[in-house]
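This report covers salt bridges and strand pairing. The sequence and structure come first.

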Amino acid sequence: MALLGLLVGAALAVLMPPPPTAVTKVLVAHQEDQPNDPGTLIRTDVALLQTTRIADKALRALKSPEKPEDFMEDYGGTGLTNNLLQINATGDSDAEAVARAKALADAFVADHVRRIQEAADAEAKTLLGQRDRMRNELAEVNKAIEAGSPQSSPEGSANLESLFARRAELTSRIADFDQRAAEARTGTPRLITGTQIVDAPRAVRHSLPRTAATNTAIGLVLGLVLGLAVAAVGTVVADRPVLRREIAANLGASVIAELRRTPRWSARLWQRRRTRAARARLTTSLARTVRGSAEPVSLLELGCARSASVIALDLARALTADGPVVIIDGLPGPQLANRRPKPGDPTVVSGELAAAVSHEEHRIGVGSVAPGAAWTDLQYLGTQTVLVVRAGHGSAAWLHTVARQLADQRIPVIGVVLIDPDPRDRTDGTLWDGLHTALRGRSERPARQNGTGLPRTEQPSWAVRVPDTDQEAR
């Protein structure tokens with residue numbers, strides 16, 4: 001993957017060179033400039049550059065019929081400092097890129113100047129409007145003073161003094177508004193002059209060797225990281241068998257049925273019908289095996305405790321017609337212990353009471369072979385077992401551990417129920433050399449020729465069946 005990334009990076013540098021690009025820099029003066037500005041104003045200028053108004057003005061200067069929305073994808077802006085804006089533009093050639101960059105810079109400067117002038121004019125207009133209102137009020141005060149000047153009474157003198165004070169205040173405020181309006185217009189030329197193109201548009205030269213070296217380095221690193229990730233995931237996935245053939249080979253038992261995992265909520269109708277049909281077939285097969293066996297059978301789960309408990313309840317309900325049935329709960333979770341019993345359901349006892357169950361009753365043990373299982377207690381659940389395994393849950397090493405521990409406990413595995421199989425799996429989950437424990441070997445007739453039509457001495461090794469009884473061996 002690292003080598004592939006290196007080659008792809010080099011190929012991209014040669015086959016997909018960067019388009020012709022031009023760059024220019026604009027010095028932007030703001031009325032609200034502050035030494036501690038975190039860059040908010042220049043970011044606003046960058047956002048304003050990416051507007052259809054600026055793009056439309058630039059296209060008009062270029063006399064181009066292109067749409068502003070499409071043109072906006074060919075240029076961009078970057079704030080280098082609080083007052084320095086860099087504009088990048090691409091084109092079909094260096095000359096076109098330079099022309100586009102110049103048109104964008106001119107359009108941005110003109111728009112910025114227009115906004116400054118409009119803001120200054122609006123502020124000055126507001127200040128002058130307030131000044132005019134105060135002048136009108138001052139004229140009324142002057143008329144009142146002229147009308148009340150001949151009065152010599154104490155009340156008239158007090159009123160006249162208040163009018164003089166009001167006239168002085170209005171005169172001061174009028175002068176202040178005049179000064180502020182003048183300052184608003186005075187600062188505008190400084191801002192207009194400060195906003196200008198400081199770096200003329202120029203084409204950016206691209207070096208093919210440098211670009212190729214950069215792309216190959218990036219491709220090498222990305223390919224190496226991706227290769228390591230794929231290798232790690234592949235190692236983990238490869239260590240968890242999913243195919244029927246691999247699971248059967250690691251456990252040393254054939255796959256006798258496949259089911260979908262039992263959900264906690266109701267599935268779609270067609271899925272429920274298919275699942276019920278598969279569960280019914282499995283229940284019938286297991287019930288036939290339990291009825292014909294003199295030894296108790298257990299269900300041991302690996303990664304699918306809920307499915308195993310559902311299979312055990314279905315099997316127990318199918319056996320209730322033959323007599324009382326007891327389920328020995330050896331699961332670590334609450335799948336059977338906390339369930340709500342329904343009318344006609346079998347009796348469920350914990351694993352500690354397994355010895356007290358009568359041998360005249362059908363016993364179905366349900367346990368777990370997940371990590372942390374008590375291996376020596378599995379023989380109390382049943383002397384032969386059916387493994388209920390979820391595909392891809394256990395690693396190959398753990399499947400070998402399960403097979404070895406069951407062999408040490410002398411608990412033969414008569415079959416494997418596969419939960420959540422891969423729908424794309426087309427492998428065979430049957431072990432042809434395990435007829436002495438497999439369910440299919442129990443119905444074989446001693447005189448059967450294994451479908452080869454040849455005497456036993458001439459049959460191939462894969463067709464030779466291990467005899468099930470001493471009489472058949474003789």
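The side chains of aspartate 422 and arginine 424 form a salt bridge with an N to O distance of 3.6 Å; the term stands for a side-chain nitrogen of Lys or Arg within 4 Å of a carboxyl oxygen of Asp or Glu. Arginine 424 has a relative accessible area of 70% and is exposed. Here buried means under 20% relative accessible area, exposed over 50%, and partly exposed in between, with a 1.4 Å probe and protein chains only.

The model is predicted: local features need pLDDT of at least 70, side-chain atom pairs count only at pLDDT 80 or more, and totals for chains, interfaces and linings use all residues. Residues are numbered from 1 along each chain as its sequence is written, and side-chain values use heavy atoms, with hydrogens and water left out.

**Salt bridges**

The salt-bridge rule gives a count of 21. Two of the pairs involve aspartate 111, and they are listed below.

Helices (H or I, at least four residues) and strands (E, at least two) are DSSP runs, numbered from the N terminus. Aspartate 111 is buried at 1% relative accessibility. Arginine 53 is partly exposed at 39%, and lysine 57 is partly exposed at 31%. A network of salt bridges links Arg53, Lys57, Asp111, Arg114, Arg115 and Glu118.

**The sheet**

An open sheet is formed by 7 strands in the order β5-β11-β10-β6-β9-β7-β8, with parallel pairing; two strands pair if DSSP finds at least two bridges between them. The edges are β5 (255–259) and β8 (347–350), each with a single partner strand, so one side of each has no neighbour in the sheet. From one strand to the next, the twist averages 20 degrees. Strand β11 (residues 413–419) pairs with β5 in the parallel sense over 4 bridges, and glutamate 258 stands opposite leucine 418 in β11.

Helix α8 (residues 244–251) lies across β5, β10 (384–390) and β11, at about 145 degrees to β11. Helix α10 (residues 305–319) packs on the sheet, and the strands it touches include β6 (297–302) and β9 (362–368). The direction of α10 makes about 175 degrees with that of β9. Contact means heavy atoms within 4.5 Å; axes are lines fitted to C-alpha atoms, for helices over the stretch in contact, and angles run from 0 to 180 degrees between N-to-C directions.
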